[in-house]
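Reader: I have some questions about the words used for this structure. Please set each value against its cut-off.

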Amino acid sequence: PIPAGHHSITPYLVVKDAAQAIEFYKRAFGAAEIDRMAAPGGTGIMHAEIKIGNSRVMLSDEFPGAGCSSPQSLGGTTCQLFLYVPDVDATYQQAVAAGATPIMPVSDMFWGDRYGNLSDPYGHQWGLATHKEDVSPREMQKRAETFCAQMAQNKGAGG
């Protein structure tokens, strides 16, 4: 029941300028454009698909009358796309050079990934990671507690 080239779940992004967003995703994440369908009347993109790594992402321009608004129009986003890459440091810098806004610099995280977070120019947040080690649930819990305590201490110190 799943079309060739797709997985069970596929993110669908709504953006203010889908054509421009596709070009950004090509520069930032090495995306390949798979398909593009113009909106009726040729004003914008009704549907497009890109491939990043081994996964597809669908996207379109926003159509507020149909209930499809971008994070920019809504004033924020409620989700994050999590992208595993071979070299998170290089991909993070590539995305920033392409126009992404850094949110959290790349660092080694308690769950075993080297991870950083950024926002694309269209309001979508991306978590970028390279897996470095498998961590047992017990060790991960211990590391998470240490991480959260350090974050609380830094926040209290104005950091």
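Author: Start with helix α3. The model is a predicted one, and in it the face of α3 turned away from the buried side carries Gln93 and Ala97, which are exposed.

Reader: What makes Gln93 and Ala97 count as exposed?

Author: Exposed stands for over 50% relative accessible area. Gln93 and Ala97 are both classed as exposed, so each is over that cut-off.

Reader: Which residues of α3 are buried?

Author: In α3, residues 88-98, the buried ones are Val88, Thr91, Tyr92, Ala95 and Ala98. Viewed down the axis of α3, these buried residues fall within an arc of 130°, so they line one face of the helix.

Reader: What covers the buried residues of α3?

Author: The cover includes α1 (18-29) together with the strands β6 (101-108), β7 (113-119) and β8 (125-131). Contact here requires heavy atoms within 4.5 Å.

Reader: Why is threonine 130 called buried?

Author: Buried means under 20% relative accessible area. Threonine 130 has 9% relative accessibility, so it counts as buried. This residue is found in strand β8. Apart from residues up to four places away in sequence, threonine 130 touches Tyr84, Val85, Pro86, Asp87, Val88, Gly112, Asp113 and Arg114.

Reader: What makes the pair of threonine 130 and valine 88 a polar contact?

Author: A polar atom of the threonine 130 side chain lies 2.8 Å from the backbone nitrogen of valine 88. The cut-off for a pair of N or O atoms is 3.5 Å, so the distance of 2.8 Å passes.

Reader: What is found at the start of α3, and what follows the helix?

Author: At the start of α3, a side-chain oxygen of aspartate 87 comes to within 3.2 Å of the backbone nitrogen of aspartate 89. Glycine 99 follows α3 and has a positive phi, near 125°.

Reader: How do you know which residues line the largest pocket?

Author: A lining residue has an atom within 4 Å of a pocket point. The largest pocket has a volume of about 300 Å³. It is lined by 16 residues, and the closest to its centre are Ile52, Ser55, Phe82, Leu83 and Tyr84. Strand β5 gives the most to the lining, with 4 residues.

Reader: How many residues of that lining are nonpolar, polar and charged?

Author: The lining divides into 11 nonpolar residues, 4 polar and 1 charged.

Methods. Residues numbered from 1 in each chain as written. Predicted model: local features only at pLDDT ≥ 70, side-chain atom pairs only at ≥ 80, totals over all residues. Heavy atoms only, no water. 1 Å grid on protein atoms, 1.4 Å probe; cavity = no way out; pocket = protein on both sides within 12 Å on 5 of 7 lines; lining within 4 Å. Points joined across faces, edges and corners; volume = space filled by probe spheres on them. Helix = DSSP H or I, 4+ residues; strand = E, 2+ residues; numbered from the N terminus. Nonpolar A, V, L, I, M, F, W, Y, C, P; charged D, E, K, R; others polar. Buried < 20%, exposed > 50% of the residue type's maximum accessible area, 1.4 Å probe, protein only. Arc of directions from axis to C-beta. Polar contact = N/O pair within 3.5 Å; in protein donor to acceptor, adjacent residues only side chain to side chain.
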